[in-house]
Amino acid sequence: MTQPLLQNVGQMQHWQALLDSAGEGIWGLDLKGNCTFVNRMAVNCFGFASEEILGNNMHELVHHHYPDGRHFPGSECPIYDVVRKSKVLRQLTDTMFRKDGTSFVAELSAQPVIVEGSVIGVVVTFREITEVRQQQEKIRRAYELAEQKTAELDAVIESMPHGVYISTSNAKLRSNHVAKMMSGGTFPPELKTLDTALAGQWSTETVKTSDRWIRSVAAPIFLNGNILGGVAVNTDVTQARLQDEALRKSEKLAAVGQLASSIAHEINNPLESITNLLYLIRQSESMEDTQHYAALAQGELARVTEITLQTLRFNRQHSKPIEVDMAELLRTVMALYTGRTLVRNIEIDLKLLATPRVRVLEGEIRQVINNLVRNALDAMSRGGRLTIRLHPQRGSLSGAHGVRLTVADIGEGIRPEMQEHLFEAFQTTKELTGTGLGLWVSKGIVEKHGGRIRARTRRGERHGTVFSVWLPVEGSPNLVAQVN
């Protein structure tokens, strides 16, 4: 009898060792709900000794309350349904309690123990998922926060008064309602900024579509060093373009108006000479004197013709850039101011070195030169010296071949408070006579040609102002003619 008993004890110890090695808590129940066996994982989790669990009602020990603190009667326990209804319980998430009264969340499964067709008990397995539930809760909250932030971002994008386009690397495109109003939601094909952003670079571009001018600023979207897509913000600048163009036209008209008095004076002088010469011809009795007076009159008429041609050239505009001799261009502009410089006792110091021909819009560059010369003369109302220099020079940043033009006066200089606003619209040092547009327009023209314009000024001793313009020989690839 002793030997079979020892064999049974050894077998039970073997099964208990197997149960204790399981990674989940396990206990067994009889038909009354009392514990028949329990493994080490369950003992450690509940905080009871095995002797306190074995033979006692497991529901009353560890499953006695709902999560909200209400009493949980055994008649409602789903584990007992396994006995009552032979119903398998799988992955029930519920709250369990330890000996010290603290609770934890567990995932429960229960299987009936069937012998010869009858249920004799229940095997319950569980694992604590409190940490998992906490992680799931964190993920849920993070997901809700992400959804909230996404909704807020969508609201911000939708409320922007600009067309916003977001493109991903798989060619999907999102746009807000302003973008749909501007271009039907599709990105304007005239713009290349979004393609540039998808290639990993920032870009800015202003183009004219079929019915409007659009300025686009685009940037790549990076995450952990990888390009996820690109975003472009498009702004309708049609009205601003029209206003700028109107200002430029008004400035050109003002420049032409200011030239008119100089031109009238230039033409009046030779006309007076011709009138006097015709009078002398009528009074002359010598053919030799008559021919001499006629030759002088012919010379004065040639001067009138030259002034007229130079005036026409001032307003000449080409639909395409052309190669221009800057020295010749300067001479034609200066010829219009000959009378004005004489009247004001202004000395002209003109030094023009040989330079390569420059690809420009002739009318616009002529306007820039005229603005700078006129400003210099206006700064020396009591006389002085106007210094003009032209020489070849490479670009300081690009190294490209170009020409440098400087126009310097010895006027009183520009006030310090005006210097930082010198190239802004409606900023003028001429009080009642200036439009405040000349330098603003000139800066726009020079930069459109791919060049730069700078100013240096000094007040007090050795006063004066120097304007410097650099233009590339090859012009700018973005140069667009403004047809008059």
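Asp325 caps the N-terminal end of helix 11, with a side-chain oxygen 3.0 Å from the backbone nitrogen of Ala327. Helices (H or I, at least four residues) and strands (E, at least two) are DSSP runs, numbered from the N terminus. This is a predicted model: local features need pLDDT of at least 70, side-chain atom pairs count only at pLDDT 80 or more, and totals for chains, interfaces and linings use all residues. Residues are numbered from 1 along each chain as its sequence is written, and side-chain values use heavy atoms, with hydrogens and water left out.

**Overview and confidence**

The protein has 15 helices and 17 strands. Of its 484 residues, 38% count as buried. Buried means under 20% relative accessible area, exposed over 50%, and partly exposed in between (1.4 Å probe, protein chains only). Among contacts between residues at least 6 apart in sequence, 56% join residues at least 24 apart. A contact here means heavy atoms within 4.5 Å.

Mean pLDDT is 81, and 86% of residues reach 70 or more. pLDDT is the predictor's confidence in each residue, from 0 to 100. Confidence is lowest in helix 1 (residues 2–20), at a mean of 66, and highest in strand 15, at 94. Where pLDDT is low, the predicted coordinates should not be read in detail.

**Cores**

The largest nonpolar core has 40 residues. Such a core is a set of buried Ala, Val, Leu, Ile, Met, Phe, Trp, Tyr and Cys residues joined through side-chain atoms within 4.5 Å. Met326, Ile369, Leu386, Ile388 and Leu471 have the most contacts inside it. Elements that each supply at least two residues include helix 11 (326–335), strand 14 (384–392), helix 15 (438–448) and strand 17 (464–472). Helix 13 gives the largest share, seven residues. Apart from this core lies another, of 28 residues, among them Leu108, Ala110, Val124 and Phe126.

Ile388 touches, beyond four places in sequence, Leu330, Met334, Asp349, Leu350, Lys351, Leu352, Val373, Leu405, Thr406 and Val407.

Helix 11 is largely enclosed by the rest of the structure, because eight of its ten residues are buried. Those are Met326, Ala327, Leu329, Leu330, Thr332, Val333, Met334 and Ala335. In helix 15, the buried residues are Gly438, Leu439, Trp440, Val441, Ser442, Ile445 and Val446. Just after helix 15, Gly450 takes a positive phi of about 80 degrees.

Strand 16 (residues 452–458) and strand 17 run antiparallel, joined by seven bridges. Strands pair if DSSP finds at least two bridges between them. The two form a hairpin with five residues between them, and Gly460 in the turn has a positive phi of about 85 degrees. Ile453 stands opposite Val469 in strand 17.

Ser468 is also found in strand 17. Its side chain makes a polar contact with the side chain of Arg404, at 2.8 Å. A polar contact is a pair of N or O atoms within 3.5 Å; within protein, one must be able to donate a hydrogen and the other to accept it, and residues adjacent in sequence count only if both atoms are side-chain atoms. Leaving aside neighbours within four places in sequence, Ser468 is in contact with Arg404, Leu405, Thr406, Arg452, Ile453 and Arg454.

| Residue | Relative accessible area |
|---|---|
| Ser468 | 7% |
| Cys35 | 5% |
| Cys45 | 12% |

A search of the whole structure finds zero disulfides (pairs of cysteine sulfur atoms within 2.5 Å).
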